[in-house]
Amino acid sequence: MSSNRDIDALIDMMAKLPGLGPRSARRAVLHLIRKRELRMTPLADLMHTVAATARECGNCGNIGTEDICDICTSEKRANGMICVVEDVADLWAMERSGVFKGRYHVLGGTLSALDHVGPDELRIPHLLNRIEAEDVTEVILALNATVDGQTTAHYIADQLDGRVRLTSLAQGVPIGGELDYLDDGTITAALNARKTL
Ligand code: ZN
C-alpha cells in the first residue's frame, strides 16, 4: 500500500484487471505517476473516450466505437468469406495475425446444455441472415476445440445444410485452447490448412 487513499484505490482497481495482480498494479501505478504527461494523462483521456463510445457492432458483434465496425463497413473485406469466432478476443487475435481478409461473426459464446445456452442466446440466427444478405460463399469456423465449441460447429453445419462452403481451422489449435493464446504463425498455419467440413 502507498499510504495514500486515492493512490491505493487506483492500485486496487488496476489489480482487478486481467493479467495484473497487486504487485503489477503497484508497479504500473508508480510508472504512470512518474510518466504523468507521457502516459497517465493520455491514458485517462482515452479511457474516458472509450468508456463513452465503445459498443458492439450491430452486424458482427465486434467491439468498436461506431454502430457498425470498420471491418463490416470496409468494401475491401466483402470477399464472400465470414470467419465465425466465439469471442471478440478471438476476432482480435485473428486480426493481429493479419492473415484473414474477410469479415467476422462473433457468436458470443458456445452452445451449452449445462449452462442453458441455446442458438437464440448466441448470434446464430443473425449469422444465417448474413449469409444471404452478404453473398457469402465460405464460412470458416474458428471455434475452440472444446466439447461445446465442437457441438456448436456441428449445429451450424446442420443449419447451413450445404448452402455454402463450410471449413474449419486446422487443428494446430490446442484442445481447450483459445485463439488469443496462439502466436500469429500458428493462426496463419491453421487458417491456410483449413479443412472442408
Ligand atoms: Zn462488424
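Modeller: Here you go, and keep in mind that this is a predicted model. An unreviewed UniProt entry places a C4-type zinc finger region at residues 57-72.

Biologist: Nice. How far apart are the end C-alpha atoms over residues 57-72?

Modeller: They are 8 Å apart, and the chain there is 19% helix and 12% strand.

Biologist: And which residues coordinate the zinc ion?

Modeller: The SG atoms of C57, C60, C69 and C72 do, at 2.3 Å. Along the sequence, these donor residues follow the spacing C-x2-C-x8-C-x2-C.

Biologist: What arrangement do the four donor atoms make?

Modeller: Tetrahedral, because the angles they subtend around the zinc ion run from 104 to 114 degrees. For reference, the ideal angle for four tetrahedral donors is 109.5 degrees.

Biologist: Is C69 buried or exposed?

Modeller: C69 is buried, at 5% relative accessible area. C72 also counts as buried, with 9% relative accessibility.

Biologist: Switching topic: how many residues are in the largest nonpolar core?

Modeller: It has 23, and the residues with the most contacts inside it include C83, M94, F100 and L179. Elements giving two or more residues to this core are α4 (70-73), β3 (81-85), α5 (88-97), β4 (103-106) and α8 (184-192). The biggest contribution comes from α5, with four residues.

Biologist: What does F100 touch, leaving out residues up to four places away in sequence?

Modeller: Its contacts are R77, M81, I82, C83, M94, E95, I140 and L191. Apart from that core lies another, of 18 residues, with I131, L141, L160 and L166 among them.

Technical notes
Residues numbered from 1 in each chain as written. Predicted model: local features only at pLDDT ≥ 70, side-chain atom pairs only at ≥ 80, totals over all residues. Heavy atoms only, no water. UniProt positions renumbered as here; feature names shortened; annotations may be inferred. Donors = N, O, S within 2.8 Å, 3.2 Å for Na, K, Ca; no water. Tetrahedral: all angles 85-135°; square planar, octahedral: opposite > 155°, others 65-115°. Buried < 20%, exposed > 50% of the residue type's maximum accessible area, 1.4 Å probe, protein only. Core = buried A, V, L, I, M, F, W, Y, C linked by side-chain atoms within 4.5 Å. Contact = heavy atoms within 4.5 Å.
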